[in-house]
Amino acid sequence: MRMSQLFAPTLREVPAEAETISHQYLLRAGMIRKIAAGIYNYLPLAQRVLQKIERIVREEMDKQGGQELQMPALHPADLWLESGRWDVYGKELFRLQDRHERDYCLGPTHEEVITDLVRREVSSYRQLPLLLYQIQTKFRDEIRPRFGLIRGREFTMKDLYSFDKDEEGLAVSYQKMYHAYSEVFRRCGLKFRVVEADTGAIGGSDSHEFVVIAETGESEIAYCDECNYAANVERAEAVLEVEGSSPTAQGELELASTPGMTTISEVADFLAVDPRGLIKTLVYLAIDKEDYQPVVVLLRGDREVNEIKLQNYLGCLHLALADADTVQKITGAPVGFAGPVGLKDVRIIADEEVPHIVNGVCGANRADYHWVNVNPGRDFAITEVADIRKVVAGDKCKVCGHALKTTRGIEVGHIFKLGTKYSEAMGATFLDEKGNKKPFVMGCYGIGIPRTMAAAIEQNHDDKGIIWPMPIAPYQVVVVPVNSKIEEQMKVAEELYAALQGAGIEVVLDDRDERAGVKFNDADLIGFPLRITIGSRSLKEGKVEIKKRRTGEILLVEREQVVATLQELIRAEIEIGAQD
Ligand code: 9G3
């Protein structure tokens, strides 16, 4: 490809809308353009990267016995009513009607469609296991489409669904996908971690996320350097640590005036106590299809609620913090002064740490007052105790006891054991060895393709632009004649360009009549892993310069050796995976 022809409108300025590095560089390198919130055109450079990622994905799925098929993007509502999910997903589901006013949605995922297909076509255990996948467009009406390709409303996903006759079969399929995903991200040249994850609304038992480590990531993960424990903080658990072996005498309950002090830090500062001695009291609404119930939640003052854990504990469809009116109704006080003392007829759910607080402080259910010397059990009853706190760095690993660390990353893959949730809801059964009717035991496994591209940039860039890992680079090499007006340089450049193409190397010739600086800047921005510079000085010696984008290292190579040298450099980087 000649740069003069390449449809890659690069930008010198940083686009104002770009919230992350990947978004910024994808725009600046002329790879994507937005047409509406969360909806993008992929220009040729992006398309090449996406196709390379897809190719790696296909190879690894096929290696495990995956079979590619294609399902529709337009789904009849009936299937989603059968699974019960038509009502679970509200506005996030793009809904539409046909000319007969029948309901449809644009598929956000394909559990319903695949389960319908398999229940019609598979009747015997002899036809199992089945691993079926597609690479296809999904639609989700995100409240806040963000970060360019990381949270789009239309995006490509590789989704694979496994069908097995029993749990043991599912364990095998799951293991195959765990391995395949590890291979995919390794081969893409990415540094990633596999973390335990929450199964969320989709239901099911086991789940792992594949997270590309990047500061800008949306997922927070907790991990242990000593053992291999790693989990999304939505799910992460830590050892319950109870302080002070010597029992402290319980003081007398006292009312303290705390005028206008509504936050933990205000109250702690004002009363000169450690936030850990405060009892944070929150009112939530546990929302189900038909009704909602207020619940009171207690945590140590320095802790945050893990709403995923809380929702799983409550088993409700949705969860929301109660509005000020509800708080007033339940506690008799404005927000900021709620506490458990004296509350009646409401579930009080305390995090595990709360029962161990001695002489604590909590809101007095009266504006501008807090109780001090509050002791759980003596001064109020806890109806339920559960692990509902968010793990933070320094908490102790529940596997080995060492301090956990936290980091951020981008979830690029997610695998789930679904079990029989969908097959039972939709009556998808087969006959087992004994002729008994059994529901399929299912798993589902997804990779966000554009998100993987964006994550690769978040992890591989510098202040000049993208540094593509070789296996997914749009082109492997750019040939830059320093001065296109010098005939000798252009001639050598053209010859090299032809020779590299002939050798199967993916190469761009920067044949534009531009200053060298402009060409170098674009080469760095687009992120070609290798740049060949053809200048007068090296030509005199019969040599050209090969520059590695990642390290800046420069090799001076005889013209006759260039093809072989590049082939070797490319081969080495495609085989090894992530660079350190
Ligand atoms: C919906 C909407 C949004 C959704 C879902 C359904 C996320 C939904 C989870 C999954 C799980 C797996 C197959 C491949 C692997 C991941 N957002 N999820 O089910 F209706 Cl609007 O998609 N699906």
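Contact here means heavy atoms within 4.5 Å. With that cut-off, Ile-574 is in contact with Met-470, Pro-471 and Gln-476, leaving aside its neighbours within four places in sequence. Ile-574 sits in helix H14, residues 562-576; helices are DSSP runs of H or I with at least four residues, strands are runs of E with at least two, and both are numbered from the N terminus. The residue is partly exposed, because its relative accessible area is 38%. On that scale buried means under 20% relative accessible area, exposed over 50%, and partly exposed in between, with a 1.4 Å probe and protein chains only. Ile-574 and Pro-469 are 105 residues apart in sequence, yet 8.3 Å apart in space, C-alpha to C-alpha.

Before I go on, what we have is a predicted model, in which local features need pLDDT of at least 70 and side-chain atom pairs count only at pLDDT 80 or more, while totals for chains, interfaces and linings use all residues. Residues are numbered from 1 along each chain as its sequence is written, and side-chain values use heavy atoms, with hydrogens and water left out.

Now the overall picture. The protein has 14 helices and 31 strands. Its C-alpha trace spans about 95 × 65 × 50 Å along the principal axes. Of the 580 residues, 51% are buried. Among contacts with a separation of 6 or more, 70% are between residues 24 or more positions apart.

Next, the domains, whose bounds come from an automatic or database domain assignment. The assignment gives domain 1 as 21-236 + 406-458, domain 2 as 254-386 and domain 3 as 475-579. Between the C-alpha centres of domain 2 and domain 3 there are 64 Å.

That brings me to the cores. A nonpolar core is a set of buried Ala, Val, Leu, Ile, Met, Phe, Trp, Tyr and Cys residues joined through side-chain atoms within 4.5 Å. Which residues touch the most other members of the largest one? They are Met-31, Tyr-181, Met-453 and Trp-468, out of 62 residues in that core. Helix H2, residues 44-63, supplies the largest share of this core, with eight residues. Domain 1 and domain 3 both give residues to the core, so it lies between them. Tyr-181 touches Met-61, Lys-158, Phe-210, Gly-413, His-414, Ile-415, Tyr-445, Gly-446 and Ile-447, not counting residues up to four places away in sequence. Apart from this core lies another, of 25 residues, including Trp-80, Leu-418, Phe-430 and Phe-440.

Helix H1, residues 21-28, and helix H10, residues 449-459, pack at an angle of about 105° with their axes 8 Å apart. The axes are lines fitted to C-alpha atoms, for helices over the stretch in contact, and the angles run from 0 to 180 degrees between N-to-C directions. H1 and H10 are therefore roughly perpendicular to each other. For the wording, under 35 degrees counts as roughly parallel, over 145 as roughly antiparallel, 65 to 115 as roughly perpendicular, and the rest as oblique. On the H1 side, Ile-21, Ser-22, His-23, Tyr-25 and Leu-26 meet Met-453, Ala-454, Ile-457 and Glu-458 of H10.

A few backbone points. Most residues other than glycine have a negative phi, and most peptide bonds are trans. Glu-101 is not a glycine but has a positive phi of about 60°. It is in the loop between strand E5 (95-97) and strand E6 (103-106), and counts as exposed because its relative accessibility is 60%. Asn-365 also has a positive phi, near 55°; its place is the loop between strand E18 (360-363) and strand E19 (369-374). Is Asn-365 buried or exposed? At 14% relative accessibility, Asn-365 counts as buried. The peptide bond from Leu-128 to Pro-129 is cis, with omega near 0°. Pro-129 lies in the loop between helix H4 (111-121) and strand E7 (130-139).

Last, the cysteines. A disulfide is a pair of cysteine sulfur atoms within 2.5 Å. How many disulfides does that rule give? The count is zero. Cys-227 is in no disulfide, and the nearest cysteine sulfur, that of Cys-397, is 3.6 Å away. Cys-227 is buried, with a relative accessible area of 17%. Cys-188, at 0% relative accessibility, counts as buried too.
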